[in-house]
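Open the model in your viewer and have the selection tool ready. We will stop at a helix pair and then at a sheet.

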Amino acid sequence: MEIRKNIFWVGAVDWNVRNFHGHTYTTKRGTTYNAYLVVDEKVALIDTVYAPFADEMIEKISEIIPPEKIDYIIANHVETDHSGALPRLLERCPRAKVVGTQKCKEGLYKNYYGNWDFQVVKSGDSIDLGRRSLTFLEAPMIHWPDSMFTYCPQEQLLMPNDAFGQHYATSERFDDETDQCALMEEAKSYYANILWPLGSVILKKIEEVKKMNIPITMIAPSHGIIWRKDPARIVNAYASWAANKTEASAVVVYETMWKATEKMARAITQGLTDSGVRVKLYDIAESDRTDVITQMLEAKGFVFGSSTHDNDMLPALGGFLELFKGLRPKGRVAFAFGSYGWAGGAVKEIEGVLQEAGVETAMPGIGIQYAPTAEDLKRCYEQGKAFAEEIKRR
Ligand code: FEO
């Protein structure tokens, strides 16, 4: 697949991967590992693929040029979904120079222990390929400390590795060819589940690139679809997510033992609904965590509930909140609720997580002993309504 004249996509489509990052991310639409081959007087490969797809990538390269002709392998990022094929590829092109940041050099060594010819680059450094060149921009923490972007000025092409990607396996390669809803849904899911805690770094990097005033007419990330029709669309979406722009909506997430907490969750949800706040309700023991986090990205309010078990919340919610805590969402409001038998404890534990996550507990928690009465449910309903007003007020 030629994406620009003599620049080829030589990546791999992983149609069936369903879990990523150690089961923290459900890739229900699979993913792709994108690698790009620039054929000029010198030949450069930008990133590689996950190790099980190394031979597939090498075959694709071999259809274009003998792999031995590769002069540079640009390693934008250490993570093994992009570097896994490096050892296998370097067997075929032992004279190729690996190019990346200092942190990339260190990270690759600690992953593969190969004594490769490595050229360390910094922001602003370039490599001349003949008619074209590649310029590098360090992008620490998008997604790891080693990350960088590669830019080809002659083609106005940005290859930002993880940034602007999607876990989205398709036979199409470009944004104008694919299902638009699925594309933006996966881009949002990817941002929410991977990049959410890095918003301030992302905002700064977007500003930095804008100030550089470099033309970008194509963004070719390392996962999913290439943005050629409207690259600004995904940049603007990132700017909005990174700025923590939210809407007056709420997400209620709960886990229940004997349905008492569930009844409370439904009453709170009804209160929010009747006050005109869009709400989504999830029993986390039955729901996909990746989907729930995606829905939370643009919501102003979060409500978490659990039955008490051994003085603590139930484990599915506990696991979910462990992930949630790492997202460090800014500018959100929340409260906790749950049913208990004798001592209670879940509400307090949830409030502790909210504090650790830096999320404001905007309303007192509601704990109800055993099954809620009609009066208890009225209280939950009214708290839902009050929370809706709080969300609208912010
Ligand atoms: Fe797609 Fe951070 O690796």
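Select helix H8 (residues 260–274) and helix H12 (residues 374–393): their axes come within 7 Å and cross at roughly 40°. Helices here are DSSP runs of H or I with at least four residues, strands are E runs of at least two, both numbered from the N terminus; axes are lines fitted to C-alpha atoms, for helices over the stretch in contact, with angles from 0 to 180 degrees between N-to-C directions. H8 is therefore oblique to H12 (under 35 degrees is roughly parallel, over 145 roughly antiparallel, 65 to 115 roughly perpendicular, the rest oblique). This is a predicted model, where local features need pLDDT of at least 70 and side-chain atom pairs pLDDT 80 or more, while totals for chains, interfaces and linings use all residues. Residues are numbered from 1 along each chain as its sequence is written, and side-chain values use heavy atoms, without hydrogens or water.

Now show the side chains in the contact (heavy atoms within 4.5 Å): among them are Met264, Ala267 and Ile268 of H8, and Leu377, Tyr381 and Phe387 of H12.

Next, select the open sheet of 7 strands, ordered E1-E2-E7-E8-E9-E10-E11 with mixed pairing (strands pair if DSSP finds at least two bridges between them). Strand E1 (2–4) and strand E11 (118–120) stand at the edges with a single partner strand each, so one side of each has no neighbour in the sheet. From one strand to the next, the twist averages 25°.

Zoom in on E1 and strand E2 (residues 7–9), which pair in the antiparallel sense over 2 bridges.
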